[in-house]
Amino acid sequence: MMVYKAAVDRDAATVLVIPCFNEEARLSGDDVRALLAEGVRVILVDDGSRDGTAALLQRLEADLPGRVRALILPRNGGKGEAVRAGMRAALDDGAALTGYLDADFATPPEEVLRLRDELLAHGAQVVIGARVRRLGSRIDRRPMRHYLGRIFATAASLALGVGVYDTQCGAKLFRDVPALRAALDAPFTSRWAFDVELLARLLRPASDAPAVPVSAFLEVPLRAWRDVAGSKLRGATMLRAGADLARIALQHRGIGHKQAS
């Protein structure tokens, strides 16, 4: 398996979070190991799985002590809450950079490591992977998911008030800044549009933490991404996420009005 090699050594401690729900059959220990390059550590979060996922995560923790941590949540709270718990734990552990990716590794390890290096090279505070199908890339995405994703991304851009190509790609990294810590303080209100909610909280914090400026966000087209069988995304989920977007937009706009007054 090819592993992306950084062009420049970096000292920033990076902890990547992988939320897991009933992933016993899909989660690859080899993919997890491929992330453990150049000081990267991994937190595997079990979101109240009903299969053998928790035991699998604990085995990986035992096999890779100090590099992999298993965080076992007592009940299923949704992907957003699993990510939030993992990222809070990462920051508490001293991570200078943290982020998350999906347990199916639709975004391959070398691409996640490249995103980390792009963030560092550009001095960004947030980096977002974007599934852009273009010459030289290998983006394997089912047409229906692509078109639904474009509709959702347009709606998300309107909700956030900034142009974003792909809010729902499951690979994002963040610097440890006050706005990120504030954004992770309260539970997300959306189970499936939490990515947009997190970005909204960074752009307009509810607390007195300085906002992350739009210029500090970086969206990077992926070189490789693939649809993986067993996705939990369904049409009904997209409808619920759409309703969540409307609520996030109202909350986001309300915070902006309070800050302006």
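Me: Which residue stands opposite Val-45 in strand 3?
Reply: Leu-71 is the one opposite Val-45. By the way, this is a predicted model, where local features need pLDDT of at least 70, side-chain atom pairs count only at pLDDT 80 or more, and totals for chains, interfaces and linings use all residues. Residues are numbered from 1 along each chain as its sequence is written, and side-chain values use heavy atoms, with hydrogens and water left out.

Me: OK, and how many bridges do strand 2 and strand 3 pair over?
Reply: Six, in the parallel sense, with strand 2 covering residues 40-47. Pairing takes at least two DSSP bridges between two strands, and strands are DSSP E runs of at least two residues, while helices are H or I runs of at least four, both numbered from the N terminus.

Me: What's the strand order in the open sheet?
Reply: 3-2-1-4-7-5-8, seven strands with mixed pairing.

Me: Why is one side of strand 3 and of strand 8 left without a neighbour in the sheet?
Reply: Strand 3 (68-73) and strand 8 (217-221) are at the edges, so each has a single partner strand.

Me: Switching topic: which residues touch the most other members in the largest nonpolar core?
Reply: Leu-180, Leu-198 and Leu-202, out of 43 residues. Such a core joins buried (under 20% relative accessible area, 1.4 Å probe, protein chains only) Ala, Val, Leu, Ile, Met, Phe, Trp, Tyr and Cys residues through side-chain atoms within 4.5 Å.

Me: And which helix gives the largest share?
Reply: Helix 7 (residues 194-203), with seven residues. Apart from this core lies another of 38 residues, including Leu-35 and Leu-119.

Methods
Buried means under 20% relative accessible area, exposed over 50%, partly exposed in between (1.4 Å probe, protein chains only).
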